[in-house]
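Visitor: Please put the sequence and the model on screen. I will then ask my questions one at a time.

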Amino acid sequence: MRLVTLALAIALLTTPVLSDLILLKVDRRVDLTSHIVRITATLKVENGGSDLVSEILLAFPELQVNNLAYLTATTKEGKGKSKTSGAGLPIEVANPEGMPPALRFYSVSLPKPLSEGEILNLDVLAVFTHTLRPFPQEITQADIQLVVFQDSAHYLSPYAVKVQSLTVKLPESRLESYTKLENTKAQGLEIKYGPYENLAPFSYTPIAVHFETKHPFATAPEVVREIEISHWGNVQITEHYNIVHGGAKSKGEFSRLEYQARPQIRGASAFRHLVAKLPPRAHSIYYRDEIGNISTSNVWGDSKKTELLIEPRYPMFGGWRTAFTIGYGLPLQDFLFQSEGKRYLNITFGSPINELVIDNLTVKVVLPEGSQDFSVSTPFPVKQGQETKVSHLDVVGRPVIVLEKSNVVPEHNQYFQVYYKFNKLSMLREPFMLIFGFFSLFVACIVYMHVDLSISKSSPSYLAKLQWDEVRATIQQIESMINQCLTIHEKLEASLRDLSRTGDVQACKTARKTADNLLKEHSKELKPLISFLQSSPQAAHTLQKVEELLAKERELQDRLMAKHSTVVDCYERKFAGRDIEARVAPLQQKIVTLRQEVEDLLDYIDEI
């Protein structure tokens, strides 16, 4: 830093004088009560030459220009306690010849040229961001936050200065150190340098002030502000914030217990809340983050303003970040007007949060669908773009005007205008769409309730369905009869078990005769069913399995009857149990196999 200062000083000493203007008196005031540095200079300018002068040059070091967020100049009228004119003078970047690259110049156009000997009073406000440098750069939870401010005790100007003074206003009474020059005095919350007389052009005397500050270093790397216009009576504002504490970074562990017990000592460098000043008739206000609604916020207001207290979920120490969204509605008649056949929105550009530095601000103005011929008027240069947003009941989407600006401070929270044309008949588009939608729904319901949508009984598909239903019912009847036959088979087996236990041959013969009669009746009942399946085309793919099922079941009947006759005959001849088992063993093995095959076929046919 010392080498840069030395190089700047050498460059300034060799810089030529630009004109015969003389600064009779310069009174500078540096406000360090916030992390946004505001420098106000009151200049008393005299034309010491014979030529008319229509502009005044303002000079800044290149390092300061990189952080220059806002610059304005206004004239003063009257004598003594002069009155400042409301309109700012036009300011443009200037590139005078022969100037060193370490300086940047801005040209202020005067309302009228200054003649020889004429005097003009001028107020210049320069707002800088990221100028206060934390020193030390890292602190613990219990440490205080100290910052360093660097500037020049002499007013840097291409013109000679007769008398100049500088006042530095501090936020706290604790002052670690400051540069002491001739005519320097520190008293209370102010440090005064000067007055200094007869300063040559481009005089530059570096100073540094090391002091304590508890002001929140609220910095937003990115903010997206969406303004949506509805001609049905509302302007909806939605603002997305990503905020970081830009002061000295916190190191070490954080103890919430110590913070809650002594927040003024164990959290002096942190901030707990931010305040957003909303328009007086704001309504439907919400504050939430990715988790959901944050209930610690508070709102109060009167006829002149509405204030929203934004309290994050945790205290913000240096380097800590948080992201949240706030939204609110505004009455349309307060911000939308008509002029020369056009409608125009008149609303503020910047963020409503107090003392917030925004590195990149994007303002999106969502116009109603059907808006045409739109234009934008802003009090300062911005980057403009356009996109489309599709919302509910939109056909082609709503035009969105996108305005972007970097390095935004509260001074940028000025009114800007968006002009556009809109046909009143376009407002009826959405109501008509809703009416037509509901009408179509009701008509569809009426048609559905009164029109027979069933398949015609004479159509081939309907007849095919009826035939298949008949085939399916016939197959189910066959399956039922086969299951009844299997039940009869079980009764035959049971009669043989009773024979082995009681030896009653006559009862066993009676059971066989009864089973034989039942099976013959089932066989007669199955014949017409099989005949129907054979004559139906719909049963072609199942007929083979059904016939196979009947054949297996008939064979199973024959085997069971043979087994039953063999066992009864052996009991009449008084055969031993082993001999009876030996005689029926081949039959029993075949019966088991057939029964399994019948059950598999039943399962297969049931799945069709």
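Guide: First, a term. Helices (H or I, at least four residues) and strands (E, at least two) are DSSP runs, numbered from the N terminus. The model is predicted, so local features need pLDDT of at least 70 and side-chain atom pairs pLDDT 80 or more, while totals for chains, interfaces and linings use all residues. Residues are numbered from 1 along each chain as its sequence is written, and side-chain values use heavy atoms, leaving out hydrogens and water.

Visitor: A cis peptide bond joins Gly194 to which residue?
Guide: Omega is about 10° at this bond.

Visitor: How many bridges join strand E1 to strand E2?
Guide: Strands pair if DSSP finds at least two bridges between them. E1 covers residues 21-31 and E2 covers residues 37-47. The two form a hairpin with five residues between them. They run antiparallel, and the number of bridges joining them is 10.

Visitor: How many salt bridges does the structure hold?
Guide: The criterion is a side-chain nitrogen of Lys or Arg within 4 Å of a carboxyl oxygen of Asp or Glu. Some are linked in a network, one made of Glu226, Glu228, Lys389 and Arg398. The count for the structure is 26.

Visitor: How far apart are the closest N and O atoms of Arg104 and Glu62?
Guide: Arg104 forms a salt bridge with Glu62. The pair links distant parts of the chain, 42 residues apart: Arg104 is in strand E7 (residues 103-114) and Glu62 in helix H2 (residues 62-65). The closest N and O atoms are separated by 3.0 Å.

Visitor: Is Arg104 buried, partly exposed or exposed?
Guide: The cut-offs are relative accessible areas: buried under 20%, exposed over 50%, partly exposed in between, with a 1.4 Å probe and protein chains only. Glu62, its salt-bridge partner, has 33% and is partly exposed. Arg104 has a relative accessible area of 32%, so this residue is partly exposed.

Visitor: Why does the pair of Glu597 and Lys552 tie together parts that are apart in sequence?
Guide: Their side chains meet in a salt bridge of 3.0 Å, N to O. The parts tied together are 45 residues apart, because Glu597 lies in helix H9 and Lys552 in helix H8 (residues 540-572). Glu597 is partly exposed at 29%, and Lys552 is partly exposed at 21%. The reason is thus the two helices, H9 and H8.

Visitor: In which helix do Glu555 and Arg559 both lie?
Guide: Their side chains meet in a salt bridge, 3.9 Å from N to O. Glu555 is partly exposed at 27%, as is Arg559 at 31%. They are four residues apart, about one turn of the helix, and that helix is H8.

Visitor: How far apart in space are Leu361 and Val224, C-alpha to C-alpha?
Guide: Leu361 lies in strand E27, residues 357-366. At 1% relative accessibility, Leu361 is buried. Leu361 and Val224 are 137 residues apart in sequence, yet their C-alpha separation in space is 6.1 Å.

Visitor: What is the phi of Asp373?
Guide: Asp373 sits in strand E28, residues 372-377. The residue is partly exposed, at 46%. Asp373 is not a glycine, but phi is positive, about 50°.

Visitor: And what is the phi of Lys574?
Guide: Lys574 is placed in the loop between H8 and H9. With a relative accessible area of 72%, Lys574 is exposed. Again a residue other than glycine has a positive phi, near 65°.
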